[in-house]
Amino acid sequence: MFEFLFKYPASVFSRGQFVLLGGWPVWLLGLGVVAAGAALAWHLRRSPKRLTGGRPAVIWLLQTLMAAVLLLLLWHPALSVATLRPQQNVVAVLIDDSGSMAMQEGDRTRLDQAREVLQSGVLDRLRERFQVRLYRFGAAAERIDDLLGVAGAQPATRIGEALQAALADTATLPLGAMIVLTDGADNTGGIDRETIQQLRQRRVPVHPVGFGREVISPDAEIVDAVIPVRTLAESRLSAQVTIRQHGLTGGKSQLTVRDAGRVVASVPVVFRQQDAPLTQTVNLTAGSAGVKTLHFTLEPLAGEVNAKNNAVARVLQVEAAKPRILYFEGEPRWEFKFIRRALGEDSSLQLTTILRTTQNKFYRQGIVNAAELEGGFPSRAEELFGYAALIIGNSEASYFTREQQTLIREFANRRGGGVLFLGGRATLGNGGYAQSEFAEMLPVRVEDRKTTFHRDEAGFELTPQGLDSLICRLVDDPAANAERWRKMPLLADYQEVGEAKPGAVPLMLLNVPGRRKSPLLTVQAYGRGRTAVFATGGSWRWQMSQDAGDQTHELFWRQLARWLVSETPGVVSASMPKTVLSDETRAPLRAEVRNKEYQPLPDARVEARIVGPEGLAETVELTPSPHEEGVYAAFWPALKPGAYVAEVIARRNEEEVGRDTVQFRREEGVAEHFRREQNRELLEKLAEQTGGRYWTPGAAKKLPEQISYSEAGITAREARDLWDMPAVFLLLAGLRATEWLLRRKWGVI
Amino acid sequence: MNAIRAGVVASAALLCIVGAAYAQRGGFRFFSDEDDAPMPADAGEKTEFVFARLRYPSGRFWGYAGYWTIDYPKADRQFLQGLRRLTRIHARSVEEVVSLDDDKIFAYPWVYVVEPGHWTLTDAQCKRLREYLLRGGFLMADDFHGSDEWEVFMASLSRVFPDRPVVEIERSDPIFHVLWDLDDMMQVPGIVNRPYFRTYEKDGVEPHWRGVYDDKGRVMMGICFNQDNGDAWEWADDPTYPEKYASQAYRMAINYIIYSMTH
């Protein structure tokens with residue numbers, strides 16, 4: 001319809017530039033319109049006054065518009081548009097050869113449909129106009145001469161890599177456009193920014209032709225399972241499993257997590273909301289140290305089209321390391337004793353404490369040698385940053401020097417450690433924290449007054465976030481957990497703090513009759529680390545007021561301590577965006593390297609020693625990232641399926657800075673079972689970002705003509721007349737008809 | 001009538017004389033005037049640490065009212081002055097009397113018991129004491145002497161912990177080093193030993209620092225046997241009471257308290 005009215009397709013208008021080909025100056029056109037308007041007004045005034053009120057103005061407007069359009073046509077309006085020169089440009093046609101294209105859609109596969117589109121004349125007409133280069137792609141792109149070898153057998157879809165390969169292959173050629181025949185079921189999570197940038201630099205429009213249903217039903221699919229990459233031995237973990245389903249509303253299933261065949265967790269899943277993704281939390285215990293591959297499996301529901309997308313694997317690195325926590329306490333108190341007891345019994349943590357027993361004496365516990373903390377609280381970054389977390393007990397801010405305060409702040413911000421501030425009679429608001437370096441790093445606001453601490457029993461309640469948090473998870477069942485917390489004894493004391501800062505999460509609130517509910521336990525991410533405030537020194541009552549065998553106090557403190565340390569990086573911190581590479585061969589390694597003061601180290605030599613399946617052992621060098629100081633990266637081809645270990649070692653001046661290990665798995669024949677429906681959103685976005693257009697198979701027959709309008713390759717500027725567009729004549733006729741109809745209505749014909 | 005009145009007065013006088021003499025021998029003692037101490041102005045302050053004194057039954061009608069009150073409250077309050085001056089512990093200036101008959105004791109993780117050589121705990125009290133100690137409470141036992149009193153002490157304690165031995169605490173244990181290093185300790189005599197040519201009572205010649213440990217190797221009960229630290233606190237302000245005993249009694253008890261707040 002658009003093309004009928006406006007003579008050209010919409011893409012011509014979006015790419016073209018409006019020009020007036022008539023030789024007369026444009027100001028003359030403006031003058032003409034004004035003169036015509038004036039003449040018409042004069043004419044209407046001289047006419048017998050049969051039109052009253054605003055009617056003459058309406059008639060004048062319609063006539064002036066008509067005169068303006070006619071005058072415009074005299075100036076010869078046209079569109080200047082770049083078009084590809086016939087037979088001088090290359091068009092790349094990429095056909096998706098991945099497993100998902102072999103999926104049956106009615107009586108034919110998606111690949112059959114794609115072949116049909118090309119063979120129904122599109123390919124021939126393209127060849128008439130351009131030099132056509134044909135590629136097939138899946139896990140890798142390959143140039144082909146014909147469609148005979150395309151069978152839908154490749155194990156993955158990487159559209160971005162295919163586009164890059166085609167760009168590279170035509171680097172010296174005038175590439176005019178790309179046509180991609182695909183279902184868009186990309187396994188890399190999308191098309192990377194670099195590819196889009198390259199396409200835009202060369203101004204190559206990409207025209208995707210989408211195949212396949214956009215919804216596959218009935219089917220459930222595990223979209224993702226998010227677990228921490230690393231954890232400490234025997235830690236409790238929370239995995240967030242996202243499940244997408246269509247046509248299974250009301251269905252019930254069971255989500256099971258297995259480690260080496262052993263069930264470690266299992267929860268029921270009910271699809272209550274129609275076609276909405278569901279995020280299911282699964283709690284499990286990490287177990288002993290070592291590398292674990294956790295398999296998340298959703299029991300297939302009756303009639304599911306595809307059961308192979310009901311399982312995913314994730315690698316979990318359970319570390320044997322025992323992170324050190326430094327707990328500084330300003331005076332002997334029961335909270336100190338019971339925290340020590342709770343954490344001291346955790347075999348995955350090392351607790352070192354320093355307690356001011358008298359005005360001039362410290363009592364140190366958990367030290368590794370006599371020199372440790374000999375001078376009291378550390379004053380040097382090297383000394384303090386050796387710990388993974390800090391607990392600051394009941395101590396005035398002024399006890400710490402300004403440098404020590406800054407160091408504590410940098411401990412979280414730069415070193416990436418966890419800092420927990422406890423309540424007490426000499427701390428937080430009472431301790432002048434509002435005016436100290438601590439104020440900024442606290443997750444709550446604190447008032448500068450000495451009356452915030454109350455040695456009275458206090459109740460408390462968990463917030464919804466607290467009920468979800470692993471820190472407060474005493475029992476796995478959420479309802480039982482909430483009930484358990486409701487029955488906890490009162491705290492021995494409490495401290496008023498202000499509201500949680502933006503981004504901070506209050507997990508517990510104080511519930512004291514006659515007072516507002518203020519945050520009791522609040523956590524937040526701060527810089528590279530995290531900080532928390534537990535506004536009481538009286539949780540020891542949880543231990544003394546419950547049976548000796550009760551472990552809730554211990555469990556709470558261990559979980560809080562593990563939260564403090566679990567993500568604290570070392571001087572060398574190796575990572576990968578994904579620890580399971582499903583039919584991907586590029587293993588992106590990343591390492592952050594810092595010195596002992598945790599300042600980024602840009603001049604280190606970083607290498608990864610990789611050990612893989614079948615005795616594979618290789619060393620790869622990581623190069624500095626141009627965007628981030630102290631960050632090193634490398635892509636390494638993990639060709640064989642199996643388990644890999646990469647030990648990243650950083651050296652500077654031949655001296656080792658540090659090392660870290662990252663573990664990952666390469667799986668084969670998995671990716672194409674996921675996201676099998678057409679990803680139209682991705683394809684439309686690709687077209688939009690590159691100046692192309694998304695095509696349905698039915699509309700694709702017009703492709704050869706319409707891809708001519710391109711800025712890429714060898715082009716010629718052409719002027720396309722606009723005066724003879726049917727829309728212009730309809731407009732003129734419409735204006736005249738409107739005037740006639742109005743006059744008729746008003747009875748002044 | 002006069003004869004009856006004279007008899008009552010004579011009996012009362014006799015009872016006072018006998019009672020006073022018995023008390024000086026270390027027998028039953030009531031809360032006496034000499035143990036009294038003024039109530040400090042800040043007695044109502046809410047603090048972290050409270051000196052809890054255990055009230056317990058001691059087998060005899062008059063003893064129930066008496067043995068747990070020995071040196072009470074002067075010893076406690078005088079000791080607390082030292083504790084407040086010498087450490088950073090936020091301590092209340094007056095003691096709190098607790099018993100094993102209700103759960104209030106669980107709010108006081110440190111408890112002092114005097115003269116446990118006379119305690120006769122009921123089964124329920126034994127059970128509560130066991131629970132108290134296993135949850136993390138600490139008990140300091142003091143001022144009992146000789147084999148007879150040890151037997152009485154153990155008669156109840158063995159029902160508290162039938163499965164745990166009472167052992168001598170090694171000098172290397174942190175309890176003797178947490179604040180002061182107490183490597184060389186002496187027997188601390190009670191006021192009955194005045195003028196202190198002899199420092200023991202009954203057949204308790206050798207002082208012992210014994211303890212009951214929990215499964216993690218922490219002292220739950222500090223048992224000061226054949227010594228009288230309570231008297232040392234109480235009479236620390238008496239010029240005739242040797243300073244060396246008072247000093248040790250303060251140091252040892254403060255070590256016990258800080259130990260109980262750190263282990």
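Modeller: This is a predicted model. In general, strands of a sheet pair through backbone hydrogen bonds, either parallel or antiparallel. In chain B, seven strands make up an open sheet with mixed pairing, and their order is 2-1-3-4-7-6-5.

Biologist: Which strands of chain B stand at the edges?

Modeller: Strand 2 (96–99) and strand 5 (167–168) of chain B do. Each has a single partner strand, so one side of each has no neighbour in the sheet.

Biologist: How many bridges join strand 1 of chain B to strand 2 of chain B?

Modeller: Four, and the two strands run parallel. Strand 1 covers residues 52–55 of chain B. As one example of pairing, B:Arg53 has B:Val97 in strand 2 of chain B as its bridge partner.

Biologist: Now a helix. Which residues of helix 4 of chain A are buried?

Modeller: The general idea comes before the case. An α-helix has 3.6 residues a turn, so residues three or four places apart point the same way. In helix 4 of chain A, the buried residues are A:Ile59, A:Gln63 and A:Met66. Viewed down the axis of helix 4 of chain A, they fall within an arc of 55°, so they line one face of the helix.

Biologist: What do the buried residues of helix 4 of chain A pack against?

Modeller: They pack against helix 3 (26–46) and helix 18 (726–746) of chain A. Helix 4 itself, residues 55–74 of chain A, reaches 29 Å from its first C-alpha to its last, close to the expected 28 Å. Just after helix 4 of chain A, A:His76 has a positive phi of about 65°.

Notes: Residues are numbered from 1 along each chain as its sequence is written. Chains are lettered from A and ligands numbered from 1 in the order in which they are written. This is a predicted model: local features need pLDDT of at least 70, side-chain atom pairs count only at pLDDT 80 or more; totals for chains, interfaces and linings use all residues. The expected span of a helix is 1.5 Å times one less than its number of residues. A residue is buried if 20 or more other C-beta atoms lie within 10 Å of its own, exposed if 12 or fewer, and partly exposed in between; C-beta atoms are placed from the backbone. The arc is that of the directions from the helix axis to the C-beta atoms. Two residues are in contact if their C-beta atoms, placed from the backbone, lie within 7 Å. Two strands pair if DSSP finds at least two bridges between them.
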